[in-house]
Amino acid sequence: MLETNIDLKLFILGPIELNKIDLELLSQFISKSSKILIEDFQKDIRPFISFSNCLVLPSYREGFPNVILESGSMGKPVIMSNVYGSEEYINNDNGLVYKIGDVNDLFDKMHYLYHNHDRYNPTLIRNNTIKYYSDVNVRQELDRFYTKTLQSI
């Protein structure tokens, strides 16, 4: 059950991709709550990440999502759906993965992280993100991949 007396806010950033009926229902729900804030597309999400406890990426499709790297570089744990890219990044130290489209699983993961936020070490999250996903490392891995691919042709 959701605790109603907790100091919790939800920031929704970027376009909302819903059909007209679901968008109307969401708009009605949001209009009744002071705890949900919506912002359009943001070029710089760092201010939002900096005062958040975690990042939630409820996506049905992603390439490798840079937003989780931005969050990780700021030491924030991530909750994301089990789309391509999640299994490459998420581990026990930096976040949770929920089953795509399963709102109950998403709620459970958000509830868990809210009550267990202190088990995530921001320094460890940041250091591992930088160590494994810095621009230099990603470019080197791409170079190796393309070199190996071209050699096999």
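# Chatting through the chain

Reader: Let's start with N128: buried, exposed or partly exposed?

Author: N128 is partly exposed, at a relative accessible area of 25%. The model is a predicted one, by the way.

Reader: Where does N128 lie?

Author: N128 is in helix α6. Its C-alpha is 8.5 Å from that of S73, though 55 residues separate N128 and S73 along the chain.

Reader: How many residues does α6 have, and how far does α6 reach?

Author: Helix α6 runs over residues 122-133, so 12 residues, and spans 16 Å from its first C-alpha to its last. That is close to the 16 Å expected at 1.5 Å a residue.

Reader: Which side chain reaches a backbone nitrogen at the start of α6?

Author: That's N121, with a side-chain oxygen within 2.8 Å of the backbone nitrogen of T123.

Reader: OK, zooming out. How many helices and strands are there in the chain?

Author: Seven helices and five strands. Going along the sequence, the pattern is β-α-β-α-β-α-β-α-β-α-α-α.

Reader: And what box do the C-alpha atoms fill?

Author: Roughly 60 × 35 × 30 Å, along the principal axes.

Reader: What percentage of the residues is buried?

Author: Buried residues come to 25% of the 153 in the chain.

Reader: Switching to charges. How many salt bridges turn up in the whole structure?

Author: Three. One of them joins the side chains of K109 and D105, at 2.6 Å from N to O.

Reader: How far apart are K109 and D105 in helix α5?

Author: They are four residues apart in α5, which means about one helical turn separates K109 from D105. As a general point, an α-helix has 3.6 residues a turn, so residues three or four places apart point the same way.

Reader: Is D105 buried or exposed?

Author: D105 is buried, because its relative accessible area is 16% and the cut-off for buried is under 20%.

Reader: Which other residues of α5 are buried?

Author: L106 and L113 are buried along with D105. The three cover an arc of only 100° around the axis, so they sit on the same side of α5.

Reader: What's on the other side of α5?

Author: V103 and N104 are there, and both are exposed. As for the helix itself, α5 covers residues 103-115, has 13 residues and reaches 18 Å between its first and last C-alpha, close to the 18 Å expected at 1.5 Å a residue.

Reader: Back to the salt bridges. Which residue does R144 meet?

Author: R144 pairs with E141, with 2.5 Å from N to O. R144 and E141 are three residues apart in helix α7 (residues 135-151), so about one helical turn lies between them.

Reader: How far is the C-alpha of D44 from that of L142?

Author: 26 Å, and the two residues are 98 apart along the chain. L142 is in helix α7 and is partly exposed, with a relative accessible area of 41%.

Reader: Now the loops. Where is N94 found?

Author: N94 is in the loop between α4 (86-89) and β5 (95-98). N94 counts as buried, at 6% relative accessibility.

Reader: What does the side chain of N94 reach?

Author: Its contacts include the backbone oxygen of Y89 at 3.0 Å and the backbone nitrogen of N91 at 2.7 Å.

Reader: Last topic, the surface. Which residues form a nonpolar patch?

Author: I16, L18, L23 and I38, with about 280 Å² of accessible area together.

Reader: Where in the chain does L18 lie?

Author: L18 is in the loop between β1 (10-13) and α1 (20-31). L18 is partly exposed, with a relative accessible area of 39%.

Key:
Residues are numbered from 1 along each chain as its sequence is written. This is a predicted model: local features need pLDDT of at least 70, side-chain atom pairs count only at pLDDT 80 or more; totals for chains, interfaces and linings use all residues. Side-chain values use heavy atoms; hydrogens and water are left out. Patches are made of residues with over 30% relative accessible area and no salt bridge: like charges are joined within 9 Å, nonpolar side chains (Val, Leu, Ile, Met, Phe, Trp, Tyr) within 5 Å. Accessible areas come from the Shrake-Rupley method with a 1.4 Å probe; for residues, only the protein chains shown count as cover. A salt bridge is a side-chain nitrogen of Lys or Arg within 4 Å of a carboxyl oxygen of Asp or Glu. Helices (H or I, at least four residues) and strands (E, at least two) are DSSP runs, numbered from the N terminus. Buried means under 20% relative accessible area, exposed over 50%, partly exposed in between (1.4 Å probe, protein chains only). The expected span of a helix is 1.5 Å times one less than its number of residues. A polar contact is a pair of N or O atoms within 3.5 Å; within protein, one must be able to donate a hydrogen and the other to accept it, and residues adjacent in sequence count only if both atoms are side-chain atoms. The arc is that of the directions from the helix axis to the C-beta atoms.
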